[in-house]
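Please keep the structure in view while reading.

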Amino acid sequence: TINENNNFLKFINVAKIKGVLYKKYLDKVTKINPNILLCRDDKNRIELYYGPFNNKEERKELLDKLLANKFDQAYELEFTKEEFDKRCNY
């Protein structure tokens, strides 16, 4: 278990896009919450994230909302600031 006092950042991964990211899909995601991050994985695929979150409750509420709106591939994850910079601040 990872506690609140570590160096891990809390996120929600909404989707990993292997092809083209269409505006219609992005609009559906941003309608739920506009604070979306567009990132890339190590294979240069687009990843959509929400975060970083300061607490688990806020993240859980948004994840539940995503799942209720048929974003069935959404899940919670945590990674270091270094990994975040590598994926999202390129």
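This is a predicted model: local features need pLDDT of at least 70, side-chain atom pairs count only at pLDDT 80 or more; totals for chains, interfaces and linings use all residues.

## Aromatic pairs

Five aromatic pairs turn up when the whole structure is searched. In one of them, the ring centres of phenylalanine 11 and phenylalanine 84 are 5.2 Å apart and the planes meet at 20°, so this pair is stacked: planes under 30 degrees apart count as such. Phenylalanine 11 belongs to strand β1 (residues 8–17) and phenylalanine 84 to helix α3 (residues 81–88), so the pair ties together parts 73 residues apart in sequence. Phenylalanine 11 is buried, at 0% relative accessibility. Phenylalanine 84 is also buried, with a relative accessible area of 11%.

Another pair is formed by tyrosine 25 and phenylalanine 71. Their ring centres are 5.9 Å apart and their planes are at 70°, so the pair is edge-to-face. Here too, distant parts of the chain are linked: tyrosine 25 sits in helix α1 (residues 23–32), phenylalanine 71 in the loop between α2 (56–68) and β4 (75–80), 46 residues apart. Tyrosine 25 counts as partly exposed at 25% relative accessibility, while phenylalanine 71 counts as buried at 5%.

## A cluster and a charge

Phe11, Tyr49, Phe79 and Phe84 are joined into a cluster by ring pairs. One member, phenylalanine 79, has arginine 87 over its face, at 5.2 Å from the ring centre.

## Helix α2

Helix α2 is made of 13 residues. From its first C-alpha to its last it reaches 18 Å, close to the 18 Å expected at 1.5 Å a residue.

Which residues of α2 are buried? They are Arg59, Leu62, Leu63 and Leu66. These residues cover an arc of only 100° around the axis, which puts them on the same side of α2. The buried residues of α2 pack against β1, α1, β3 (46–53) and β4. On the face turned away from the buried side are the exposed residues Glu57, Glu61 and Ala68.

## The two ends of α2

At the start of α2, asparagine 55 has a side-chain oxygen that comes within 3.2 Å of the backbone nitrogen of glutamate 57. Just after α2, lysine 70 adopts a positive phi of about 70°.

How values were computed. Residues are numbered from 1 along each chain as its sequence is written. Side-chain values use heavy atoms; hydrogens and water are left out. Rings of Phe, Tyr and Trp (its six-membered ring) pair if their centres lie within 6.5 Å; planes under 30 degrees apart count as stacked, over 60 as edge-to-face and the rest as tilted. Helices (H or I, at least four residues) and strands (E, at least two) are DSSP runs, numbered from the N terminus. Buried means under 20% relative accessible area, exposed over 50%, partly exposed in between (1.4 Å probe, protein chains only). A charge sits over a ring if NZ of Lys or CZ of Arg is within 6 Å of the ring centre and within 35 degrees of the ring normal. The expected span of a helix is 1.5 Å times one less than its number of residues. The arc is that of the directions from the helix axis to the C-beta atoms. Contact means heavy atoms within 4.5 Å. A polar contact is a pair of N or O atoms within 3.5 Å; within protein, one must be able to donate a hydrogen and the other to accept it, and residues adjacent in sequence count only if both atoms are side-chain atoms.
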